[in-house]
Amino acid sequence: MVQNEDGTDAERLEILLHKSRYSEDVLESTKLFIIKEPYFTLTEQGEPTLRIDHPSDLVICHEEGPKSFEDAAAAEKAATRFKTQGNNALKKQDLPLAHEKYTAGLAIAKQDILAESNPDLARDISRNRAYVNLLLGRLDEVKTDARASLTGREDQKSKELDSKAYYRAGSAAYAQSHWEEAKGFFLEQQKLTPDDKDAKLSLKRIEARLREEETGGYDLMKIRTNLSKARSRVDAGNFTKNTLIKDSPGKGRGLYATRDLATGDIVMCEKAFCVVWGHEEDTLTAMTYDTRDDRIRVAPVGLAKALVQKCLNQPSQTEKLMDLFGDYQGEGPQIFSNEDGAIVDVFRVHDIMSRNGFGPGSQFGEESARNASTGLWRHAAYINHSCLSNTTKEFAGDMIIIRATQPIKAGEEIFHPYDASLDYETRQGFLDRTWGFRCQCKLCDAEKEDGKEVRDKRMELVGEADAFIDKTPWAGAKRLQLRKAQGILREMDKTYDEGRWEGLPRRHTEGIRAWLVRASPR
Ligand SMILES: [Zn+2]
């Protein structure tokens with residue numbers, strides 16, 4: 001329930017799914033909020049409720065907001081009190097509270113009267129808040145705080161404090177995969193404190209990331225060995241330089257090869273922009289009903305929530321994510337933050353996610369349809385679908401690895417199958433429901449031409465082949481069994497019109513052919 005400021009009106013307020021930030025309840029009692037664009041609706045139980053859809057429309061007011069101080073000593077006392085409260089909250093690992101207290105202290109410490117008499121106080125609080133922000137994943141603010149905390153003085157104590165600030169900024173930039181920026185920070189740190197081991201180690205790691213981005217040379221064995229439930233996100237660079245995003249006629253944008261690639265070559269490698277694993281607490285899928293096309297879909301809402309959180313924590317990432325919203329035709333300049341912080345449109349995030357998410361598989365144990373692992377890879381998301389794909393994808397933790405399955409020439413488009421169902425109707429239906437298009441590749445054209453009767457006959461034979469393979473081990477197969485398999489294959493081949501299917505893969509026959517290869521006497 002929320003009450004208006006003078007306590008006369010109370011309403012039930014809903015912010016669906018986004019009830020917490022940094023694992024803390026957003027709506028703590030006694031807190032004061034500004035609620036933007038609320039509207040009345042009914043809950044599932046039919047009760048009237050006030051609702052907002054975008055968590056960025058809920059702005060938390062800090063009760064003890066910045067008063068204007070006339071007296072420097074009083075200001076210093078007030079700011080110092082907030083700083084101490086922040087430090088105490090940090091000791092107890094109450095990060096949101098520490099952030100709130102430091103923010104309140106900063107608002108006072110930055111006032112002219114105090115900024116003149118004691119500029120170090122604002123620097124100290126900024127440095128502390130940079131640390132809290134690093135732990136909260138508010139990486140943009142880590143960098144601005146760290147910069148604001150720099151003293152630039154030459155005495156040993158000041159140099160050590162500035163070194164600490166550069167380390168925090170560098171760590172934030174590193175976590176954002178901004179290698180050059182991170183390198184800049186760590187080099188500054190090294191200048192101030194040349195013996196610092198952290199700076200040296202970080203610079204070494206950056207060199208490794210830059211090398212990966214330049215060459216695509218990853219130690220995949222080592223990466224895979226180091227993976228665990230607790231360390232499910234890899235420390236690696238993104239190798240995308242063999243590819244380019246550009247317009248793909250009739251398909252929006254697509255990914256193209258910038259140089260010739262051989263079968264087996266890595267086309268691209270990328271760490272997830274965001275991933276949620278089945279073993280993690282907030283990973284859940286849910287049925288969503290889209291009023292725009294009247295369809296019910298299964299959506300990875302846990303991923304949607306994580307994406308929204310990431311955008312709220314790091315407004316600089318929002319624009320990169322929103323670029324995937326291909327249908328967006330622009331309503332003037334896009335604004336992703338204002339004085340109240342980040343602005344995040346959860347519906348757009350949801351749409352981007354539903355069209356661009358991938359499942360990295362259950363790499364860390366059991367998961368069900370209710371908590372399936374899902375993620376978003378920003379560069380790989382531009383790869384268009386084709387049933388006649390030229391790549392295959394694999395995962396190492398949250399890293400996607402796309403490899404060529406056939407030679408790809410420079411300038412050719414990269415494809416992978418979003419759905420590889422053998423049944424034509426199943427496949428087209430899935431593509432249409434999930435991604436809103438029907439495939440018109442050569443394979444689909446041929447199957448369409450074949451007509452329903454032929455396609456049904458073929459699928460019937462696939463069923464027969466599968467049943468045969470299931471109950472007939474290829475090892476030591478009898479002649480009679482070999483003849484039976486050859487018979488099924490012959491029947492399948494008859495369903496393919498030689499002219500129409502010339503050069504096209506007969507995917508339906510793959511299973512029975514593989515069995516025959518293994519079972520046939522050498
Ligand atoms: Zn197709």
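Analyst: Buried means under 20% relative accessible area, exposed means over 50%, and partly exposed lies in between (1.4 Å probe, protein chains only). At 45% relative accessibility, Arg147 therefore counts as partly exposed. This is a predicted model, in which local features need pLDDT of at least 70 and side-chain atom pairs count only at pLDDT 80 or more, while totals for chains, interfaces and linings use all residues. Residues are numbered from 1 along each chain as its sequence is written, and side-chain values use heavy atoms, with hydrogens and water left out.

A salt bridge is a side-chain nitrogen of Lys or Arg within 4 Å of a carboxyl oxygen of Asp or Glu. Across the whole structure, 38 salt bridges are found.

One of them joins Arg147 to Glu181, with the closest N and O atoms 3.9 Å apart. This pair links distant parts of the chain, since Glu181 sits in helix 7 (residues 179-192) and Arg147 in helix 5 (residues 139-149), 34 residues apart. Helices (H or I, at least four residues) and strands (E, at least two) are DSSP runs, numbered from the N terminus. Glu181 has 27% relative accessibility, so Glu181 is partly exposed.

Another salt bridge pairs Arg295 with Asp432, and here the closest N and O atoms are 3.9 Å apart. Arg295 belongs to strand 15 (residues 295-299) and Asp432 to helix 13 (residues 424-435), so the pair ties together parts that are 137 residues apart in sequence. Arg295 is partly exposed because its relative accessible area is 30%. Asp432, with 25%, is also partly exposed.

In a further case, the side chains of Arg403 and Glu394 meet at 2.8 Å, N to O. Arg403 counts as partly exposed because its relative accessibility is 22%. For Glu394 the value is 25%, which again means partly exposed. Salt bridges can also share partners: Asp290, Arg292, Asp293, Arg297 and Asp351 are joined in this way into one network.

Some charged side chains belong to a patch instead. Patches are made of residues with over 30% relative accessible area and no salt bridge, where like charges are joined within 9 Å and nonpolar side chains (Val, Leu, Ile, Met, Phe, Trp, Tyr) within 5 Å. Lys and Arg count as positive. Lys197, Lys200, Lys204 and Lys222 form a positive surface patch. Helix 8 (residues 197-215) gives the most to this patch, with three residues. Lys197 is placed in helix 8, and its 71% relative accessibility is why Lys197 counts as exposed.

Notes: Areas by Shrake-Rupley, 256 points an atom, 1.4 Å probe, with all protein chains shown as cover. Charge placed at Lys NZ, Arg CZ, Asp CG, Glu CD.
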